[in-house]
Amino acid sequence: MSTTSHAAPANYLTGGGWDLKSWLLTRDHKRIGILYILSITVFFFIGALFALLVRLELLTPAGDMVQPDSYNRFFTMHGIVMIFFFLIPSIPATLGNFLVPIMIGAKDLAFPRINLASWYLYNIAGVITLWAILAGGVDTGWTFYTPFSTSYSESYVALVLVGIFINGFSSIFTGLNFIVTIHRMRAPGLTWFRLPLFIWSHYATSLIIVLGTPVVAITLLLVVVERVFRLGIFDPALGGDPVLYQHLFWFYSHPAVYIMILPAMGVISELVAAFSRKRIFGYHFVAFASIAIAVLGFLVWGHHMFVAGQSVYAGMVFSVLSMLVAIPSAIKVFNWTATLYGGSISRETPMLYALGFLGLFTIGGLTGVMIATMGIDVHLHDTYFIVAHFHYIMVGGAIMGYLGGLHYWWPKITGRMYPAFWSRVSAILVFVGFNLTFFPQFILGYLGMPRRYWAYPPEFQVLNVLSTAGATILGIGYLLPFTYLFWSLKYGQRVGDNPWGATGLEWQTSSPPPTENFLTPPVVTTEPYDYRDLHVPPESRSPLSREEEEYA
Amino acid sequence: MSEHVVSRKTYFLIFGALMVGTALTVAVAFVDLGIFNDVVMLTIAVAKALLVILFFMHVRYSGRLTALAVASGFLFLLILMGIVVADYLARGPLPGVG
Amino acid sequence: MPDAAHAHGHAHGHPALQHQFDTLEQQKESSTFGMWVFLVTEIMFFGGLFTIYMIYRMASYEGFAEASHELDIVLGSINTAVLIGSSLTMAMAVWAAQTGRARTTANFLVATIVLGSVFLGIKVVEYAEKFHHDHVPGWGFAWEGPHADAAELFYSLYFAMTGLHAVHMIIGIGVLAALIRPALRGRYDASYYNPVEITGLYWHFVDIVWIFLFPLLYLIGRHVT
């Protein structure tokens with residue numbers, strides 16, 4: 001396909017209108033994916049702002065920037081916004097929405113109107129949460145433990161929980177849509193084991209969403225009901241059990257972390273294959289590992305409650321199961337690494353993010369096994385070790401997966417390429433900034449610095465200053481893509497169907513794709529990631545990629 | 001999903017069975033069976049639910065995927081309830097531990 | 001797996017065929033499966049409440065029994081029968097839609113709405129009685145028996161569970177009402193009756209929740225006098 005012709009056939013951006021109504025009432029999964037990119041970016045920067053406030057306070061040992069109550073609100077809002085309004089929807093609602101139908105050769109998701117409803121629910125929830133933030137926020141921690149949240153907190157708990165409840169429905173709608181679509185709308189010849197691993201990951205993610213979200217929904221709803229109507233379900237004065245609240249909360253919130261990481265793993269599978277120009281080693285193992293993570297992930301939630309008052313026997317069982325759940329993740333890391341071996345590796349920006357993921361996710365995962373050991377967790381629970389562990393997975397893992405995927409599929413979504421130099425600089429800044437922010441926190445936690453504290457002993461200051469410095473670098477690393485990606489929309493080089501020369505149905509249609517995704521509905525006859533027999537016509541690849549090949 | 005049209009007679013039979021089950025539940029509630037009161041009550045409720053699922057909701061005539069979805073839902077609910085109840089039962093003072 | 005023949009470009013099919021699907025069969029299977037996935041979320045949603053109920057009932061069985069005895073077993077039994085009846089009329093509505101009987105479909109939809117409304121009406125009566133006796137937690141709860149705290153926990157759960165159930169019934173009645181006009185216009189027949197089918201699935205599910213709620217709330221320790 002011509003890269004500079006002005007007589008290019010209509011695609012989903014140029015056809016179908018450009019006015020506000022055509023966007024706000026769209027049923028096109030691709031447009032909805034873009035709407036989501038815009039929404040979650042807004043909330044990402046709100047969450048990042050709260051992180052900045054936390055790190056600023058922690059520059060000095062004394063609590064001297066804000067009142068402790070305000071600090072509680074900072075870390076609470078950081079957690080709520082980042083988890084519920086960024087990480088949980090991020091990859092599925094943006095890249096997933098855009099790519100799932102295309103990767104399976106369908107014209108759209110099974111329920112386009114429910115998809116649009118999902119976006120509206122997200123934004124309604126977001127507005128409600130923003131209102132609560134502006135009114136003064138919440139100070140309970142994103143975990144809303146009772147009885148503080150039900151009986152003692154004087155912040156806007158009910159309002160924020162209503163926002164999170166509505167957001168839960170947004171998430172459920174996305175998961176429901178993916179499950180039905182993947183089961184019922186695959187192209188002819190596309191058997192389950194010919195699916196890209198991105199699809200397997202999103203399928204497993206959707207299973208978790210559908211089974212787990214409703215439990216936290218009812219639990220948080222009961223907290224609202226208890227605050228507003230004084231129905232005493234968790235009230236200890238009546239015999240209510242705070243540990244019961246924690247069981248119900250973590251039944252979702254642990255699997256939730258797999259909602260956050262599985263889609264990123266799906267992205268990594270695609271990136272590692274494309275930039276090694278090699279099929280994924282152990283495809284079936286990676287596919288089954290995704291399902292195993294989803295199922296086993298439901299059996300380990302008590303590792304958040306080792307010191308909460310649950311029985312020691314429950315603790316022992318959860319400890320063992322938590323180590324088991326690390327196995328499928330490790331299987332994936334081994335298979336990705338084996339894929340790299342003997343591959344033709346190029347250092348494009350998406351690959352930089354994928355390589356970063358491999359290292360950082362491994363560190364996060366290994367530290368997870370450490371704290372799954374009940375005896376160790378007794379010391380490390382509620383310290384910065386935990387904070388570092390989950391940020392290694394959620395930022396070093398999930399966010400790098402998101403950025404890698406965004407950079408990989410950006411040319412497909414927009415038809416434009418971004419400047420390679422600046423994108424590489426950003427990836428390196430993110431990697432360096434991230435490690436400088438969070439590695440010191442492992443040490444701080446091990447030395448005993450508690451989390452959610454607004455002051456700390458002076459001997460911890462150096463590490464905290466390093467952490468804040470790292471956060472600043474990380475912030476710049478995040479701001480850069482925000483600028484050059486937008487720049488590329490107008491000035492970026494136009495690309496052909498397959499700028500990376502990769503396998504997958506999404507690279508066999510135009511960039512950007514037509515509204516119905518394919519001019520002729522595809523029929524699949526090959527195995528996935530078949531790089532040996534891949535023939536990419538030269539006009540499909542952009543000039544930029546051919547230049548890159550000269551470097552490699 | 002099959003195009004199978006379930007007969008009206010089947011629906012009425014199931015309705016009858018459900019009403020009998022309800023009457024039985026109420027009647028047995030007043031008879032002292034000790035621990036078995038709960039067992040009988042839950043068994044009847046599960047049987048009624050199964051009848052509704054299989055016949056009113058057509059799972060009897062649907063594919064494997066539908067049955068799998070229903071079973072998964074109840075399985076994960078059992079996991080939630082089972083583990084929470086097990087923890088509750090296992091709590092209590094241990095010798096030598098607080 | 002989609003095995004039907006695939007239409008190319010813009011298929012000129014049934015007016016109800018949505019563009020993302022190739023055949024009406026694929027659309028029907030997808031929509032039914034979609035409703036089942038939604039019902040799985042509902043199982044987990046109500047399931048959280050049932051889990052809480054189980055723990056507290058184990059902890060305070062006598063208090064729960066004492067509190068349960070103050071519920072009207074006659075009204076509860078009638079309501080159970082009414083709801084099962086409404087499931088029958090719902091199943092009949094699906095049968096009528098599937099066999100293209102426009103007027104009959106509408107009649108059975110209306111019957112289901114009526115029975116559902118009777119259920120809600122009886123619940124209003126029961127709730128009013130609880131308000132009258134100060135058995136509503138957070139609203140001047142006063143308990144005469146020895147297990148006041150457990151009774152308050154029980155009634156918190158009672159109102160939460162039956163209240164959530166009632167909300168689901170109200171939504172269900174609304175959806176049923178929306179089906180009446182298309183039914184009267186003959187929109188539903190063997191080739192396209194899925195809106196009625198999936199509404200039926202939802203309605204039966206709400207019935208199943210009550211099948212468990214009734215004995216668990218109304219029949220605790222009735223054998224001990």
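**Helix H2 of chain C**

I began with helix H2 (residues 61-68) of chain C in this predicted model. Six of its eight residues are buried, so the helix is largely enclosed by the rest of the structure. I took buried as under 20% relative accessible area, exposed as over 50% and partly exposed as in between, with a 1.4 Å probe and protein chains only. Helices here are DSSP runs of H or I with at least four residues, strands are runs of E with at least two, and both are numbered from the N terminus. I listed the buried residues of H2(C): C:Gly63, C:Phe64, C:Ala65, C:Glu66, C:Ala67 and C:Ser68. What do they pack against? I found helix H1 (24-59), H5 and helix H6 (194-218) of chain C.

Two notes on conventions. Residues are numbered from 1 along each chain as its sequence is written, and chains are lettered from A and ligands numbered from 1 in the order in which they are written.

**C:Trp143**

Next I looked up C:Trp143. This residue sits in the loop between helix H4 (102-132) and helix H5 (148-184) of chain C. Is C:Trp143 buried or exposed? C:Trp143 counts as buried, because its relative accessibility is 15%. I then listed its contacts, meaning heavy atoms within 4.5 Å. Leaving aside neighbours within four places in sequence, C:Trp143 touches C:Glu66, C:Ala67, C:Glu70, C:His135, C:Ala148, C:Ala151 and C:Tyr155. C:Glu66 and C:Ala67 are among the buried residues of H2(C). I also checked a distance to C:Thr162, which is 19 residues from C:Trp143 along the chain. Their C-alpha atoms are separated by 20 Å.

**C:Thr105**

I moved on to C:Thr105, in helix H4 of chain C. C:Thr105 has 2% relative accessibility and therefore counts as buried. Which residues does C:Thr105 contact, leaving aside neighbours within four places in sequence? They are C:Ala93, C:Ala96, C:Ala97 and C:Ala183.

**Chain C overall**

Chain C has six helices and zero strands. Its pattern along the sequence reads α-α-α-α-α-α. A compact globule of 225 residues would have a radius of gyration near 17 Å, but I noted 22 Å for chain C. That radius is taken over C-alpha atoms, and the globule rule is 2.2 Å times the number of residues to the power 0.38. The C-alpha atoms fill a box of roughly 70 × 35 × 30 Å along the principal axes. Of the 225 residues, 62% are buried. Among contacts between residues at least 6 apart in sequence, 79% join residues at least 24 apart.

**Chain C with chain B**

How many residues does each side bring to the contact? I noted 49 residues from chain C and 48 residues from chain B. Together the two chains bury about 4,300 Å², 79% of it on carbon and sulfur atoms. In chain C, the residues losing the most area to chain B are C:Trp36, C:Leu88 and C:His223, together 15% of what that side buries. Buried area here is the accessible area (1.4 Å probe) that two parts lose on being put together, summed over both.

**B:Val40**

In chain B I picked B:Val40, found in helix H2 (residues 36-56). At 26% relative accessibility, B:Val40 counts as partly exposed. Its contacts, leaving aside neighbours within four places in sequence, are B:Val28 and B:Leu33.

**Chain B with chain A**

Here 12 residues of chain B are in contact with 20 residues of chain A. The two chains bury about 1,400 Å² between them, 79% of it on carbon and sulfur atoms. B:Phe76, B:Leu80 and B:Arg91 lose the most area on the chain B side, together 37% of what that side buries.

**Chain A overall**

A compact globule of 552 residues would have a radius of gyration near 24 Å, and the 23 Å of chain A agrees. Its C-alpha atoms fill a box of roughly 70 × 45 × 45 Å along the principal axes. Buried residues make up 64% of the 552.

Conventions
Predicted model: local features only at pLDDT ≥ 70, side-chain atom pairs only at ≥ 80, totals over all residues. Heavy atoms only, no water.
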